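Let's take a friendly walk through this protein together. Have the sequence and the 3D view ready, and follow along one stop at a time.

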Amino acid sequence: MDFGEFTRLDDLAAAIGTTNYSETVLRWVKEQAKQDQDLAEAFQKLIQGEQGASRQATDALSAALNQNGSQLSQMLAQAADEAIETKENVKSMLGGIQAGSGDSELKKVPLKEQLILAEKLSHDKKLKEIAKWAGRLKVIANRKQRSKHKDAIDRNGIRQGSDIKQLLPMELGSYSSPISKMDFLRRYAECQTLQYDTKGKERLGKGPIILCLDQSGSMKSQDTISKGFALALMSIARKQRRDFAWIPFSSHASDAIIYERGKIEVQDMIQLATVFLDGGMNFVQLLKKASEVIKQSRFNQADVIFVTDGEAHVNHDFLKAWSNLKKKKGFSDRIVLASSFEDQSIKHAFDI
């Protein structure tokens, strides 16, 4: 990719590129000064403001370029690649869930917040990996949601209405027949024509999300991928303006962090990606914290997702109470095993 084309009319790309180039040139100059006594002395005199120091520094720097300019060219090429990678990772974390929507979604985020995230991504190797996983898992989420919407008519029966796109073939036949056309038009005007029912599935696709994220010591090896999954869910909530809550847990469960109507900022995403509790696992305490969130009216009919690699040990009485709460509030719950992130079984987790 031509780097000039990459930065043209793109404030974020230009800022990342300028920063990377500046840091690279400064690093190269410092390395040259360590190896070249004349260059080091020239810069020292320049800093002290001695007369003629500027010309001396220019000459010494020109000599260094003549000798090691190819090294600087290679470093700048690498800096350009890193700038492109950083921009793509920012898009992975802040972009929408649909393919090709990254740049348009970025325009909705203040440039200052984009730059904060870009700076973190440039210097945090683990965060880079999390961003890449978030991007991959958002692709899976988008395919899953599109497939779910496409299949909805096969799962939710028939109802009366006047949605032309959902009319049963027999109703279209009634319209085309001169004998039944007037009867069809009367029933259509009164919303009594038969059509496929998709309302139930649409509700499940737009409800609140409660994410319970295992942060016990055994999850360290899966932390990068599980955080990518968490950020993918965050992006769905953000894009679709869904209420979102996440509860990190280990030997204790933290209070839920709630974002109403998907109002999630860059710093919130960075916080989720960088927090790790460590320790053992207490599933009962987690369920108590989750129950507190579910009892809030805005989290009726929520999707509750547990991301863990361990086995849950919960007594019978508490399981019964959880089951009763589930019947009362109409939420769905599922456990996503961390081991499934590497294979196709992760897809079921995005049926939300």
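The largest pocket holds about 350 Å³ of space, and keep in mind as you look at it that this model is predicted. Its lining is made of 18 residues, and those closest to the centre are Lys108, Arg238, Lys239, Arg241 and Gly262. What kinds of residues make up this lining? It divides into 9 charged, 5 nonpolar and 4 polar residues. Helix H11, which covers residues 223-240, supplies the largest share of the lining, with 3 residues.

Now look for Arg261, in the loop that runs between strand S5 (257-259) and helix H12 (266-274). Along the chain, Arg261 and Gln240 are 21 residues apart, while in space their C-alpha atoms are 8.2 Å apart. If you set aside neighbours within four places in sequence, Arg261 is in contact with Arg241, Arg242, Asp243 and Arg298.

The largest nonpolar core has 47 residues, and Leu211, Leu231, Met234 and Phe244 have the most contacts inside it. Another core, of 21 residues, lies apart from it and includes Cys212, Leu287, Ala302 and Val314.

Finally, zoom in on Phe244. Leaving out residues up to four places away in sequence, Phe244 touches a list of residues including Ile209, Leu211, Leu233, Met234, Ala237 and Phe299. Ile257, Ile258 and Tyr259 are also among the residues it touches.

Conventions: Residues are numbered from 1 along each chain as its sequence is written. This is a predicted model: local features need pLDDT of at least 70, side-chain atom pairs count only at pLDDT 80 or more; totals for chains, interfaces and linings use all residues. Side-chain values use heavy atoms; hydrogens and water are left out. On a 1 Å grid over the protein atoms alone, a cavity is a set of points where a 1.4 Å probe fits but cannot get out, and a pocket is an open set with protein on both sides within 12 Å along at least five of seven lines; lining residues have an atom within 4 Å of a point. Grid points are joined across faces, edges and corners, and a volume is the space filled by probe spheres set on the points. Helices (H or I, at least four residues) and strands (E, at least two) are DSSP runs, numbered from the N terminus. Ala, Val, Leu, Ile, Met, Phe, Trp, Tyr, Cys and Pro count as nonpolar, Asp, Glu, Lys and Arg as charged, and the others, Gly among them, as polar. Contact means heavy atoms within 4.5 Å. A nonpolar core is a set of buried Ala, Val, Leu, Ile, Met, Phe, Trp, Tyr and Cys residues joined through side-chain atoms within 4.5 Å. Buried means under 20% relative accessible area, exposed over 50%, partly exposed in between (1.4 Å probe, protein chains only).
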